[in-house]
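Dear colleague,

Please find the structure we spoke of just below, followed by some notes on what was found in it.

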Amino acid sequence: MIRIEDLTKGYKEGRGIFDISLDVKKGEIFGYVGTNGSGKTTTIRHIMGFLRPDSGQVLVKGMDSWKQSTEIMKYVAYIPGEIAFPDIRTGTEFLRSQAEFLGVKDMTYANRLIEKLQLDPSAVLKSMSKGMKQKTAIVAALMAGKEILVLDEPTTGLDPLMRQAFIELILEEKKKGRTIFMSSHIFEEIEDTCDHVALIKDGRLVEVADMNDIRHHDMKTYKIEFFDDQDYMAFKALDFHITDERPQYFQARVNIDDTDVNHLFSVLKGFKVKFISEIKYDLETYFNEIFRKEGNKNDKQTAF
Amino acid sequence: MRYSGKKAIKMISRPLFKQSIKANWMLWLVVTLAMSLLACVMNFAISKVMSMENVEVSDETKGQFMQYAGALEYYNAVNGTSLTSEGFLAAFMGMMGVDMTSLKSLKDIDTATMMNSMYYTLAGLMLPMIYVIITGNKLIAGQVDKGSMAYVLSTPTKRSSVALTQGLFLLASTFAMEAVCAAVDFGSAFILTDMSSTDISQKLILNLGSFLTIAAIGGICYLASCLFDLSKHSIAMGGGLSVFFYLCSVLGMFGTETFVNMGMGTSSLNILNKITILSLFDAEGICTIGTDAVSYDFIWKFAILIGITAVAYMIGARRFCKKDLPL
């Protein structure tokens with residue numbers, strides 16, 4: 001649905017995005033993560049046809065996003081990263097105007113969205129809180145029922161409850177077969193929704209991960225603490241892959257393949273274990289691992 | 001032809017046009033009301049000036065003058081000199097530091113014409129100029145700067161259609177403003193003064209001139225709005241140029257023939273009239289309509305104003321369609 005090919009756009013002082021290539025398939029939720037200023041929004045603006053690439057191209061449904069942006073906009077809905085509404089008084093007026101732009105005549109779905117997000121659109125736009133504005137923007141984007149959604153940090157300003165409601169909404173849209181491209185710097189919501197995740201840093205694509213691999217990662221990490229030094233030392237002498245140790249607490253972290261878990265537990269039977277806990281393998285761990293592999297020590301700390 | 005007409009209408013985005021009306025009607029109304037009021041006051045003042053000009057020289061004044069003339073003649077007869085009343089006056093004025101020639105031209109000045117030209121080319125332009133500076137910026141650059149343009153361009157609305165709609169709105173709203181002001185101008189003039197057919201045609205052309213001038217200024221503001229992504233830059237160019245032209249026009253007034261002849265200016269300031277586009281609105285020329293010395297120079301000056309407007313709008317719209325938008 002969305003194909004980004006060697007997209008490059010340079011700005012002053014070495015900023016910009018360089019050689020970005022991505023492929024977003026129909027019906028999937030594609031997460032796009034990176035720090036502030038890493039180039040997420042610039043990429044998204046290219047998808048929307050607001051920016052002209054220096055080189056490379058973005059194809060949406062096979063159409064060039066710069067040259068055929070108007071045609072593409074029949075299929076693409078957008079939530080901008082910065083919420084700023086036109087000079088219209090109330091949310092209702094804005095949504096009505098937006099419906100006219102989009103050629104939406106039936107407001108049933110819009111009203112359903114409003115209900116779901118607990119939005120009061122009759123409020124004056126200027127006096128709305130950040131979260132209210134974001135909700136209004138979400139309704140405006142989703143109400144036309146377009147098949148591709150491009151969302152630039154769509155949960156900014158939402159409280160945790162609303163964020164959950166939003167994630168449910170997004171998953172609902174996915175069920176309808178929509179393709180969703182979503183940027184975020186909150187790993188959790190990406191983990192909860194996405195099928196693929198791309199990580200961008202300083203304008204360059206670092207990695208594209210399959211969330212399934214991360215969710216069902218076959219390497220597990222356990223943190224084990226023993227009651228005394230004796231057991232601790234004995235355990236260390238065994239043939240486990242220990243990644244981290246804290247002798248003062250008699251603690252060790254063990255990396256182990258899923259299939260060997262039983263072996264670990266049977267061994268532990270002979271020890272006095274104070275506690276054992278699994279350290280969840282998540283997106284953050286995954287990306288930090290990648291940074292570590294690259295051997296770039298500075299990145300490890302500053303990545304997120 | 002019918003086809004292209006339909007196509008042009010389709011190029012206008014109705015919801016965007018409505019949005020522009022909603023966002024700008026207040027300022028439009030305030031300026032239009034203030035301008036209408038101004039027109040009424042001006043017509044009232046001109047009616048006063050006209051009644052003053054028609055005052056007959058009273059017998060008493062004539063008698064007083066004859067007394068002084070008689071005194072001079074008596075002196076001439078006694079002393080064999082040939083002093084004249086004009087010579088006396090010149091000497092008298094000279095002592096006071098006033099040049100007789102400028103005094104003479106002062107008498108020739110048609111106050112009503114001067115007031116007209118001051119009103120139409122300067123005072124009457126100020127408020128509509130503020131309107132086009134603010135609105136011109138708001139229509140494009142303001143929305144790009146704020147980011148609200150994203151809501152328009154993420155719908156199947158062409159950029160060219162946005163440019164055309166907003167340009168049309170600016171042009172149409174200034175036209176409506178000038179039309180209302182012209183109507184009030186005519187209405188009050190009919191009530192307060194006796195209008196001849198010459199007056200009517202002059203007034204019509206003066207009002208047209210106001211519109212063409214504001215349209216050109218509006219064109220420059222629109223161009224600035226299309227060129228820049230930041231409001232402050234767009235205002236700096238659009239507003240800055242407009243105010244610059246206006247100031248040149250105010251100072252340039254002291255370089256015009258009328259003011260120099262009155263002894264109230266210097267022709268060296270006339271250079272300012274050459275660099276301001278406001279001088280293309282030739283009110284003095286228009287006021288020669290109906291006189292023997294009629295000059296039609298104002299027509300080609302109007303043509304230049306129309307040219308500036310067209311070029312500014314075209315370049316602006318083209319640029320907006322082609323540029324990167326940070327939305």
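Domain bounds, as used here, come from an automatic or database domain assignment. This is a predicted model, in which local features need pLDDT of at least 70 and side-chain atom pairs count only at pLDDT 80 or more, while totals for chains, interfaces and linings use all residues. Residues are numbered from 1 along each chain as its sequence is written, and chains are lettered from A, with ligands numbered from 1, in the order in which they are written.

In chain A, the assignment gives domain 1 (2-214) and domain 2 (219-279), and the C-alpha centres of these two domains lie 44 Å apart. The C-alpha trace of chain A spans about 75 × 45 × 35 Å along its principal axes. Chain A holds twelve helices and 14 strands, these being DSSP runs numbered from the N terminus (helices H or I, at least four residues; strands E, at least two). Of the 304 residues in chain A, 38% are buried, a residue being buried if 20 or more other C-beta atoms, placed from the backbone, lie within 10 Å of its own, exposed if 12 or fewer, and partly exposed in between.

In chain B, domain 1 is assigned as 14-37 + 104-322 and domain 2 as 59-100, with 50 Å between their centres, taken over C-alpha atoms. Helix H4 (residues 85-95) of chain B has eleven residues, of which zero are buried, so this helix lies largely in the open. Just after H4(B), B:Gly97 takes a positive phi of about 80 degrees.

Helix H6 (residues 111-139) and helix H10 (residues 197-227) of chain B have axes that come within 8 Å and cross at roughly 30 degrees, where axes are lines fitted to C-alpha atoms, for helices over the stretch in contact, and angles run from 0 to 180 degrees between N-to-C directions.

Finally, 20 residues of chain B are in contact with 24 residues of chain A, contact meaning that the C-beta atoms of two residues, placed from the backbone, lie within 7 Å. On the side of chain B that touches chain A, helix H2 (14-53), helix H7 (141-146) and helix H8 (149-153) each supply at least two residues.

With best wishes
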